Amino acid sequence: MDAFECIATKLDVREFSSQQEVSPEIKSKVLEAARLTGTGLNTQHWRFILIEDERNLMKLAEDSTTGGWVSGANFAIIVLTNPKHRFYMIDAGRVVQDMQLAAWNYGVASGLFTGVKEQRLRSDFNIPKDLNPTIMVGFGYPAKKITGKRKNRLPLDKLVYHEKYGNSKRP
Ligand SMILES: Cc1cc2nc3c(=O)[nH]c(=O)nc-3n(C[C@H](O)[C@H](O)[C@H](O)COP(=O)(O)O)c2cc1C
């Protein structure tokens with residue numbers, strides 16, 4: 001898929017097909033996309049927990065406050081980052097977007113969540129103290145066809161200024 005088309009058509013999906021498994025090859029591509037993503041100062045402080053077992057997907061859902069839907073995902077990834085690195089949040093955002101786009105290139109949809117019951121999550125997934133569970137992503141083939149749904153986004157003329165903040169027209 002063309003990179004722009006991939007960005008333009010990707011939606012955050014929370015309902016996944018229980019009929020279709022994501023292949024190990026696609027999972028590897030998603031993880032490889034994570035590995036290849038750049039971090040601030042190339043620190044590569046992040047670590048990823050791949051969750052494929054249904055019981056652990058259920059645990060992840062129970063440990064969440066805003067991502068109960070992940071129980072229906074085919075697999076999930078917990079993105080751990082080290083907050084001692086200044087750009088850790090930017091790093092997390094970039095790696096998640098890369099993984100989501102890599103998956104969507106193969107028709108695999110995904111959604112993310114950030115709300116967790118932290119102590120429970122740490123204990124269930126053996127997360128060390130120095131790493132934060134920053135973003136959780138669930139992946140799977142979408143339960144419904146998602147083509148046609150338009151993104152709810154502001155138009156460019158509300159977002160972009162020219163040369164200086166406030167200039168809505170090109171000088
Ligand atoms: C930083 C961030 C945090 C998010 N947290 C959650 C979350 O906790 N739970 C959830 O279901 N979706 C979460 N989302 C998904 C957003 O709701 C979604 O990206 C937005 O509604 C746009 O969706 P769309 O691309 O399908 O239009 C989060 C997205 C971002 C970028």
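## Around the ligand

In this predicted model, the residues around the ligand are Leu 11, Asp 12, Arg 14, Thr 66, Trp 69, Leu 112, Phe 113, Thr 114, Gly 115 and Arg 153. Sorted by class, this shell holds 4 nonpolar, 3 polar and 3 charged residues.

Arg 14 brings a polar side-chain atom to 2.8 Å from an oxygen atom of the ligand, while Leu 112 has a polar backbone atom 3.0 Å from a nitrogen atom of the ligand, and a polar backbone atom of Thr 114 is 3.1 Å from an oxygen atom of the ligand. On its own the ligand has 630 Å² of accessible area, of which the protein covers 59%.

## Aromatic pairs

The structure has 5 aromatic pairs. One of them joins Trp 69 and Phe 113, whose rings are edge-to-face, with 5.6 Å from centre to centre and 90° between the planes. This pair links distant parts of the chain, since Trp 69 sits in the loop between α3 (54-62) and β2 (75-81), whereas Phe 113 belongs to strand β3 (residues 109-113), 44 residues apart. Both Trp 69 and Phe 113 are buried, and together with Phe 16 they form one aromatic cluster.

Another pair, Tyr 161 with Tyr 165, is tilted, with 4.3 Å from centre to centre and 55° between the planes. Tyr 161 counts as partly exposed because its relative accessibility is 32%, which lies between the limits of 20% and 50%; Tyr 165 counts as exposed because its relative accessibility is 73%, over the limit of 50%.

Conventions:
Residues numbered from 1 in each chain as written. Predicted model: local features only at pLDDT ≥ 70, side-chain atom pairs only at ≥ 80, totals over all residues. Heavy atoms only, no water. Phe/Tyr/Trp six-rings, centres within 6.5 Å; stacked < 30°, edge-to-face > 60°. Helix = DSSP H or I, 4+ residues; strand = E, 2+ residues; numbered from the N terminus. Buried < 20%, exposed > 50% of the residue type's maximum accessible area, 1.4 Å probe, protein only. Near = heavy atom within 4 Å. Polar contact = N/O pair within 3.5 Å; in protein donor to acceptor, adjacent residues only side chain to side chain. Areas by Shrake-Rupley, 256 points an atom, 1.4 Å probe, with all protein chains shown as cover. Nonpolar A, V, L, I, M, F, W, Y, C, P; charged D, E, K, R; others polar.
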